Amino acid sequence: MTDAAEPLPPDDLAARLTEVFDLVGPLYRRVQRKVELAAPLDGLSVGTRAVMVLLREHGPMTVPQMGRAQSLSRQFVQRMVNEAASRGLVESIPNPAHQRSSLIRLTGAGTAAVTAVLDRESALLRQVGGGLTDADVTACVHVLTRMLALFDDVDVD
C-alpha cells in the first residue's frame, strides 16, 4: 500500500479513478432525475436550470460561451435559452463585442426562479452528512477537475 501523501503509480491511479467514474455516472443520473421530478414545482428542466445557474454565476453570456462552459452543444443551449425566454426568465441584449451573437441575461423573474431552485438544492445537500471536511470536498473538486481536464479536447458540438 502506498503512503496517502505520495502520488499513486499510473496503474493504481487508473484503478482508483475508475471507482470515481463508476460513482459519478449514477450520481449524475440520480441528481438529474431529482431535478426532473422537481420540475413541476420549479418549472425548470435540467438543461434550463444549468443555463440559468451559469448566467447567475457569470452574468450575461452568449450561447456559444455557455455551450463551451458546460460542454454542451450550441444547439442544445439555444433550445434551453429559447425555453427560458418563452417563460420570461432570460432575455437577449445587444453584444458590443459581436453584433450577430447576442448576450443572454437573466430577467428579474429568472433570478428569482433560479435562486429558489438553488435554495431548495442547498437544503437537500446539507443532508449529505458523513462528517465531510473542507479538505474532503477540496480533494474531491481537485480530482474531478483533473479528470475533466483530461477530456478538454472532446468536441461537444
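1. **Secondary structure.** The protein chain of this predicted model holds 6 helices and 2 strands. Both kinds of element are DSSP runs, numbered from the N terminus: helices are H or I with at least four residues, strands are E with at least two. Along the sequence the pattern reads α-α-α-α-β-β-α-α.

2. **Basis.** Residues are numbered from 1 along each chain as its sequence is written, and side-chain values use heavy atoms, with hydrogens and water left out. Local features need pLDDT of at least 70 and side-chain atom pairs count only at pLDDT 80 or more, while totals for chains, interfaces and linings use all residues.

3. **Overall dimensions and burial.** The C-alpha trace spans about 55 × 35 × 25 Å along its principal axes. Of the 157 residues, 25% count as buried. Buried means under 20% relative accessible area, exposed over 50%, and partly exposed in between (1.4 Å probe, protein chains only).

4. **Contacts along the chain.** Take the contacts (heavy atoms within 4.5 Å) with a separation of 6 or more: residues 24 or more positions apart account for 56% of them.

5. **Nonpolar core.** The largest nonpolar core has 20 residues. Such a core is a set of buried Ala, Val, Leu, Ile, Met, Phe, Trp, Tyr and Cys residues joined through side-chain atoms within 4.5 Å. V51, M52, L55, M66, V81, V90 and I104 touch the most other members. Two or more residues each come from α2 (46–58), α3, α4, β2 (103–106) and α5 (108–125). Helix α2 gives the most, with 5 residues.

6. **V81.** Which residues does V81 contact, leaving aside its neighbours within four places in sequence? They are V51, V63, M66, V90 and I104.

7. **α3 against α4.** Helix α3 (residues 63–70) and helix α4 (residues 74–86) pack at an angle of about 115°, with axes 8 Å apart. Axes are lines fitted to C-alpha atoms, for helices over the stretch in contact, and angles run from 0 to 180 degrees between N-to-C directions. V63, P64, M66 and G67 in α3 meet R74, V77, Q78 and V81 in α4. The contact residues divide into 5 nonpolar, 2 polar and 1 charged.

8. **Aromatic pair.** F21 and F151 sit edge-to-face, 6.2 Å centre to centre with 70° between the planes. Ring centres must lie within 6.5 Å to pair; planes under 30 degrees apart count as stacked, over 60 as edge-to-face, the rest as tilted. F21 lies in helix α1 (residues 10–42) and F151 in the segment after α6 (134–150), 130 residues apart. F21 is partly exposed at 45% relative accessible area, and F151 is partly exposed at 41%.

Definitions and conventions: Rings of Phe, Tyr and Trp (its six-membered ring) pair if their centres lie within 6.5 Å; planes under 30 degrees apart count as stacked, over 60 as edge-to-face and the rest as tilted. Ala, Val, Leu, Ile, Met, Phe, Trp, Tyr, Cys and Pro count as nonpolar, Asp, Glu, Lys and Arg as charged, and the others, Gly among them, as polar.
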